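I opened my notebook to record what I looked up in this structure. My entries follow in the order I made them.

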Amino acid sequence: MVIAKRGEDKETSGILGAIGLGKKSLLSPRFRLFCRVISTSIFLQLTANLSLRLVSLDPGHASSEKLLHGLDSLASNRIYAEFSSIVERARKSLTNSDFTLRDVPVMIGWLVRSLYSQNALLSIIHV
């Protein structure tokens with residue numbers, strides 16, 4: 001997924017990126033966090049056979065725990081320390097058994113308001 005690549009801390013293109021020596025991402029930690037939470041919330045809505053989970057009772061994909069663990073690790077990362085409360089709230093929402101694909105737009109609105117609250121132009125967003 002393209003949005004998941006935007007959430008990475010290092011550029012992973014090219015030969016150096018292939019061996020794990022990519023250069024630091026030019027995107028802000030705020031935007032990378034936004035991308036990680038959104039890509040995780042969308043991926044968590046996939047079932048084991050890669051169809052969309054529209055009902056909260058449908059079982060999730062096997063890789064879900066790995067993605068959630070990745071979000072948990074952000075809370076202890078010094079780059080994302082100022083966003084630890086946002087990471088915790090996102091994690092709590094994503095692990096809620098009632099969270100489905102229909103809730104992703106609400107998650108996007110909450111993230112935008114939380115991460116970019118100083119931006120006056122965002123007041124036009126009504127999610």
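**Entry: a term I needed.** I count two residues as touching when heavy atoms lie within 4.5 Å. I also noted that this is a predicted model.

**Entry: Thr40.** Which residues does Thr40 touch, not counting residues up to four places away in sequence? I found Leu67, Leu68, Leu71 and Leu94. Thr40 itself lies in helix H3. Is Thr40 buried or exposed? Its relative accessibility is 4%, so I wrote it down as buried. The cut-off for buried is under 20%.

**Entry: the whole chain.** I stepped back next. How many helices and strands does the chain have? I listed 6 helices and 0 strands. Along the sequence, the pattern reads α-α-α-α-α-α. The chain has 127 residues, and 31% of them count as buried. I then looked up contacts between residues at least 6 apart in sequence. Of these, 58% join residues at least 24 apart.

**Entry: H3 against H4.** I returned to the helix that holds Thr40. Helix H3 covers residues 29–43, and helix H4 covers residues 64–75. At what angle do H3 and H4 pack? I noted about 155°, with the axes 10 Å apart. Angles over 145 degrees count as roughly antiparallel, and H3 and H4 are therefore roughly antiparallel to each other. Their crossing is left-handed.

Which residues meet here? From H3 I listed Leu33, Arg36, Val37, Thr40 and Phe43. From H4 I listed Leu67, Leu68, Leu71 and Leu74. I sorted this contact of H3 with H4 by class: 7 nonpolar, 1 polar and 1 charged residues.

**Entry: aromatic rings.** How many aromatic pairs does a search of the whole structure find? It finds 1. The pair is Phe31 with Phe34. Why is the pair stacked? The ring planes are at 25°, and planes under 30 degrees apart count as stacked. The ring centres are 6.4 Å apart. A pair must have its centres within 6.5 Å.

Where do these two residues lie? Both Phe31 and Phe34 are in helix H3. They sit 3 residues apart, about one turn of the helix.

I checked their accessibility last. Phe31 has 31% relative accessibility, so I marked it as partly exposed. Phe34 has 14%, so I marked it as buried.

Notes:
Residues are numbered from 1 along each chain as its sequence is written. This is a predicted model: local features need pLDDT of at least 70, side-chain atom pairs count only at pLDDT 80 or more; totals for chains, interfaces and linings use all residues. Side-chain values use heavy atoms; hydrogens and water are left out. Axes are lines fitted to C-alpha atoms, for helices over the stretch in contact, and angles run from 0 to 180 degrees between N-to-C directions. Helices (H or I, at least four residues) and strands (E, at least two) are DSSP runs, numbered from the N terminus. Angles under 35 degrees count as roughly parallel, over 145 as roughly antiparallel, 65 to 115 as roughly perpendicular and the rest as oblique. A crossing is left-handed if the near helix is turned anticlockwise from the far one by less than a right angle, and right-handed if clockwise. Ala, Val, Leu, Ile, Met, Phe, Trp, Tyr, Cys and Pro count as nonpolar, Asp, Glu, Lys and Arg as charged, and the others, Gly among them, as polar. Rings of Phe, Tyr and Trp (its six-membered ring) pair if their centres lie within 6.5 Å; planes under 30 degrees apart count as stacked, over 60 as edge-to-face and the rest as tilted. Buried means under 20% relative accessible area, exposed over 50%, partly exposed in between (1.4 Å probe, protein chains only).
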